[in-house]
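These are my notebook entries on a structure that I opened today.

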2 protein chains.
Amino acid sequence: MTIETAPLKTSSKYHHGNLRQSLLLAAKELIAEHGIEALSLRKLADKVGVSRTAAYHYFVDKNDLLCALAANGFKRWQTSLDQLSCNQLPDRDKFEQYVLAYIAFATNNPEEYELMFGRCIWKQSQCTVELQEISHTTFQHQVEMIDQWQSIGLINGDSSLRTAQVIWGTLHGIAKLFIDGVYNDVTRVEEIVISALPMFLAAKD
Amino acid sequence: MTIETAPLKTSSKYHHGNLRQSLLLAAKELIAEHGIEALSLRKLADKVGVSRTAAYHYFVDKNDLLCALAANGFKRWQTSLDQLSCNQLPDRDKFEQYVLAYIAFATNNPEEYELMFGRCIWKQSQCTVELQEISHTTFQHQVEMIDQWQSIGLINGDSSLRTAQVIWGTLHGIAKLFIDGVYNDVTRVEEIVISALPMFLAAKD
DNA sequence: CAATCAATCTTGACACTGTCAAAATACAAG
DNA sequence: CTTGTATTTTGACAGTGTCAAGATTGATTG
């Protein structure tokens, strides 16, 4: 199974080199393919070609590894947000883009999304400081976007924080109903979320 | 540990009597106290005072038991719905009651709610026919309520199905953000959901 | 009352999981 | 070459779901 039983000259790696990175990558693949709950440290170690407990030198826990994966997810989503906030579309379209981007991110990477916003990490409230910070930053960023749209008069609501929470709740809820399989026709998710847009947008005159 | 090692005259129960019911009750308690993922068939058997594999005579699976629990949850929620739909309040208040009842049900029984609407059961798409039916019935019931409110002109939207899905998505999303621990101040959930109400309600003239 | 039978429950076993402690290996610095 | 440190492995343990086979019971016959 493992290639390096007979040490070859090119790379007789007892030392793997960049095990931490490899573990994260392999874990991401395994999770994307078979779901979070199907990930075991032993299968992961097998896939990377390393022994069962090797991961414990880079992650204190299975939970710690999952937190690192989630943090990576937040970084990806953050760059999507940055990209979106610096384009030149009119505000209304920008808002629509934001909503669609959120749903696209969630449905295209359902397991990563579940890791970022699901109970697996947050319920046990044992999340890494790294994850704590990046997730907080991202949320803050989103609140600011909503805040600006609200000051423009594009979207409704009294408190911008409350509005942001409600909008987030709606997107999160719709996404999760599909991700978790309560709804099973994923092709309909865009329709639903678009039909939700008028609720947020202020009545145009 | 077990009382019935020495068979007493009162009840030398090798046969438990109503094991299925007892298992469901104990499982519900264990889950409510320690969460779904902490439930093991062996701890459950211990709590009921029976051997590890006894449950397999009443449930084909652990999944089957969880489905039965979820089905019970739907029955409870269904009766709440019935109770609500036959009261005499004005429609606007009735809608508000519905929204608050939904959130209350979710936050007061978070683990049961997770069982009913969470990935644990629906993702693997191995749900019992009983659960399939009762959940479908319940959802249908809710769509009808929304449908009526929409025909009255109380709430917005074009398609009543889409509107129901969006409203459900919003409630579900807000509830899940709290249940899963993404938000941790549960006392704020009512505020948020109330601030979401104007989005659904048609502008009053 | 005794024998038989089906329902009910238990025991044994297996593969799988996360994780700890101790050993083995490789590489770098002296 | 030796020593030390970073890295990886092996051994072990408790816990999990679940299958197959055996044990126990209450009911149903003759």
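I began with helix α4 of chain B, residues 91-108, in this predicted model. Its 18 residues should span 26 Å at 1.5 Å a residue, and the end C-alpha atoms lie 25 Å apart, which agrees. I took the expected span as 1.5 Å times one less than the number of residues, and helices as DSSP runs (H or I, at least four residues), numbered from the N terminus.

I found B:Lys94, B:Phe95, B:Tyr98, B:Val99, B:Tyr102, B:Ile103, B:Phe105, B:Ala106 and B:Thr107. These buried residues pack against α3 (62-85), α5 (110-117), α7 (129-152), α8 (160-179) and α9 (189-200) of chain B, where contact means heavy atoms within 4.5 Å.

Because the model is predicted, local features need pLDDT of at least 70 and side-chain atom pairs count only at pLDDT 80 or more, while totals for chains, interfaces and linings use all residues; side-chain values use heavy atoms, without hydrogens or water.

I then turned to the contact between the chains, which takes 33 residues from chain B and 33 residues from chain A. Together they bury about 3100 Å², 60% of it on carbon and sulfur atoms, as accessible area (1.4 Å probe) lost on being put together and summed over both parts. B:Arg119, B:Arg162 and B:Met199 supply 22% of the area that chain B buries against chain A, more than any other three residues.

Between chain B and chain A I recorded 10 salt bridges, each a side-chain nitrogen of Lys or Arg within 4 Å of a carboxyl oxygen of Asp or Glu. In one salt bridge, the side chains of B:Arg162 and A:Glu191 meet at 2.7 Å, N to O. I also saw that α8(B) gives the most to the side of chain B that touches chain A, with 12 residues.

How is chain B laid on chain A? A turn of 180° and a shift of 0.0 Å along the axis gives an RMSD of 0.0 Å, superposed by least squares on C-alpha atoms of residues with pLDDT of at least 70 in both copies. That is the relation of a two-fold axis. Since 100% of the interface residues of chain B are also interface residues in chain A, the copies meet through the same surface.

Last, I logged 9 helices and 0 strands in chain A.

Methods:
Residues numbered from 1 in each chain as written. Chains lettered and ligands numbered in written order. Helix = DSSP H or I, 4+ residues; strand = E, 2+ residues; numbered from the N terminus. Buried < 20%, exposed > 50% of the residue type's maximum accessible area, 1.4 Å probe, protein only. Buried area = accessible area lost by both parts, 1.4 Å probe.
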